[in-house]
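Here are my notes on this model, point by point. Please keep the structure open while reading.

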Amino acid sequence: MTAKESRGFDAIVIGSGMGALAFASLMAKLRGWRVLVLERHFKIGGFTHTFKRPGGFEWDVGVHYVGEMGKGMPSRRLMDLVTDGAVRWNPMPDVYDRFVYPGLEFGVPKGEANFRDALIAAFPHERAGIERYFHDVTSASQWLRRRSVAESARPTLRRVMRALGGLTARLPLTTTGRYLGKRFADPRLRAVVASQWGDYGLPPRASAFVTHALVASHYFNGAWYPDGGAGEIAKAVSAVVRRSGGDLRAGHEVTRILVEDGAAVGVEVTINRGARQTRAEFRAPVIVSDAGAWTTFARLLPPSVPLPFRDELRSPPAGLAAVELFLGLGRDPRELGFRGENYWIYTSFDHDDIYARQNELIEGRAVMAYLSFPSLKNTRAERHTAEIAAPLDYHALERHRAEPWLRRSAEYEQAKERMTRALLDLVERHRPGFRDLVEYSELATPLTFELFTGAPSGAIYGYPATPDRFRKSWLGVETPVRNLLLAGADAGLLGIVGAMMGGGAAAARLLGPFGLVEIMRAAYSRRRGRTAPADAPDPAALTGRPR
């Protein structure tokens, strides 16, 4: 790349996940910036991309369902601004999650009041605790949203808002397990309420209650799925960025952030073109990292850069790692009663014990599984598909890390076969006949996720959402290095919407003191971008496709 072309970009973004895409799109739309997005994988999108296999099968890598995507909802308005209104969001069934336990199955209905009433009907002796729980979930999630808004404020105001927020942090920063233990007497109710812990990556004993509250409230109004798959998000943003003169380049792995006189000025990159690798240097006045806080500070910044929190970077954070089984189905799963909802299948009511036993999977015993059906949520699907995910400690397979992709040892492949059988066995016990639907299977492990995302230990979320995570002042948009910002989940919140907010917060910092106001005004203005497409009908009711 020529020096002249390098100087033409207003910002360089490391990674192409939702935070990176949001930042690049907002700066292109609101300031006309030329943004260069660099992605190590051979596809743009991070966890928001899809992949195909022969036979017409297609899956999402990381997006299974998203809350707050109904027309007019604030998160949907921001998403429409970022994607120029080009992504259509399909509502999932009114009962979008089903929690399956020994002798108990609970369906989560759309609507906070409906969810509360369903819990009271199932556990009438816990009515007072259930009603208080919904109040506390709202209180804790509002605390976190106020704290997130503070991240876009000027430094002095941000410090004040953080200090005030600290005075009310007792409830949000208790652990989920401690809170549920005090609120509910029935261990089955405690388990049911915590069933979605896989959405934030930590069991009740370790997670901050505010994390649980954020995810629970995120789905109170139901769940949605991007028609055509999550790859439509990257496709839409790519068009926005390129219209402004920017670019998105896959196969470009950033290996070092260039720092001169205490300021970030560019990046060093390895460009992968098949078996051939070349080195390049790109420069711009602003560098934004969507690679995660630990990777940014511990791997990409030179060791000589002074960081007041460097002692906390000695080892990568122990986030959730997982396996994901991608299944191509030969028949319609609706034959067995599936309608597009998710299934959380557990072998006991003790989530902490299940988490502790996660590595039994590698021995051929699955203690839990998350089951979803991309084809029942996507009106464009050509063939029916399913996905099964379960946690697995990265270290269980770490000895195979140095083995080449697609050519790892027989021992590794045998472990994958055992895990595949175990996950299918667990689903089969819940829904006999499921295994007969399977025509194709492919298992991704934490090593797969590490290879393609660069996430430490293959973790699928940002910094682990423990109470301590929210006490780390260095997690946020700003960094100690001038002209270097963070985007994504570590700058914002969990999940695709949280990462989008992290990208928005990075953009707001550069837009000026009222940057957040400008972004939200644009999101609520019909003059910005195209009119968003109408929501599709419930895909589960669309019986004409796929056949």
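1. Helix α11 (residues 293-300) has six of its eight residues buried, so it is largely enclosed by the rest of the structure. This is a predicted model, so read every value below as computed from it. The buried residues of α11 are Ala-293, Trp-294, Thr-295, Thr-296, Phe-297 and Leu-300. What do they pack against? Their partners are strands: β1 (11-14), β10 (252-260), β13 (287-289) and β19.

2. Next, a helix pair. Helix α2 (residues 18-31) packs with helix α3 (residues 74-83) at an angle of about 70°. Their axes are 8 Å apart. Angles of 65 to 115 degrees count as roughly perpendicular, and α2 and α3 therefore fall in that class. The crossing of the two helices is left-handed.

3. Which residues make the contact between α2 and α3? From α2 come Met-18, Leu-21, Ala-22, Ser-25, Leu-26 and Lys-29. From α3 come Met-79, Leu-81 and Val-82. By class, the residues of this contact divide into seven nonpolar, one polar and one charged.

4. Two backbone angles deserve a look. Most residues other than glycine have a negative phi. Glu-68 is not a glycine, yet has a positive phi of about 60°. Glu-68 sits in the loop between β4 (57-60) and α3. Its relative accessibility is 17%, so Glu-68 counts as buried, the cut-off being under 20%.

5. The other case is Asn-483. Its phi is positive too, at about 70°, and Asn-483 is not a glycine either. Asn-483 lies in the loop between α14 (446-453) and β19 (484-486).

6. Now the aromatics. A search of the whole structure finds 32 aromatic pairs. In one of them, the ring centres of Tyr-96 and Tyr-219 are 6.1 Å apart and the planes are at 35°, so the pair is tilted. This pair links distant parts of the chain, 123 residues apart. Tyr-96 belongs to strand β6 (residues 95-101). Tyr-219 is in the loop between α9 (209-218) and β8 (224-226). Both Tyr-96 and Tyr-219 are buried.

7. Phe-338 and Tyr-343 form another pair. Their ring centres are 5.2 Å apart and their planes at 90°, so this pair is edge-to-face. Phe-338 has 0% relative accessibility and so counts as buried. Tyr-343, at 1%, counts as buried as well.

8. Ring pairs also build a cluster. Which residues belong to the cluster? The members are Phe-99, Phe-106, Phe-115, Tyr-133, Phe-134, Tyr-179, Phe-184, Phe-209 and Phe-220.

9. Last, Thr-174. Thr-174 is in the loop between α6 (155-167) and α7 (176-183). At 14% relative accessibility, this residue counts as buried. Leaving aside neighbours within four places in sequence, Thr-174 is in contact with Tyr-179, Ser-207, Ala-208, Phe-209 and Pro-467. The C-alpha atoms of Thr-174 and Arg-205 are separated by 9.8 Å. Along the chain, Thr-174 and Arg-205 are 31 residues apart.

Technical notes:
Residues numbered from 1 in each chain as written. Predicted model: local features only at pLDDT ≥ 70, side-chain atom pairs only at ≥ 80, totals over all residues. Heavy atoms only, no water. Axes fitted to C-alpha atoms, helices over the stretch in contact; angles between N-to-C directions. Helix = DSSP H or I, 4+ residues; strand = E, 2+ residues; numbered from the N terminus. Parallel < 35°, antiparallel > 145°, perpendicular 65-115°, else oblique. Left-handed = near helix turned anticlockwise from the far one by under 90°. Contact = heavy atoms within 4.5 Å. Nonpolar A, V, L, I, M, F, W, Y, C, P; charged D, E, K, R; others polar. Buried < 20%, exposed > 50% of the residue type's maximum accessible area, 1.4 Å probe, protein only. Phe/Tyr/Trp six-rings, centres within 6.5 Å; stacked < 30°, edge-to-face > 60°.
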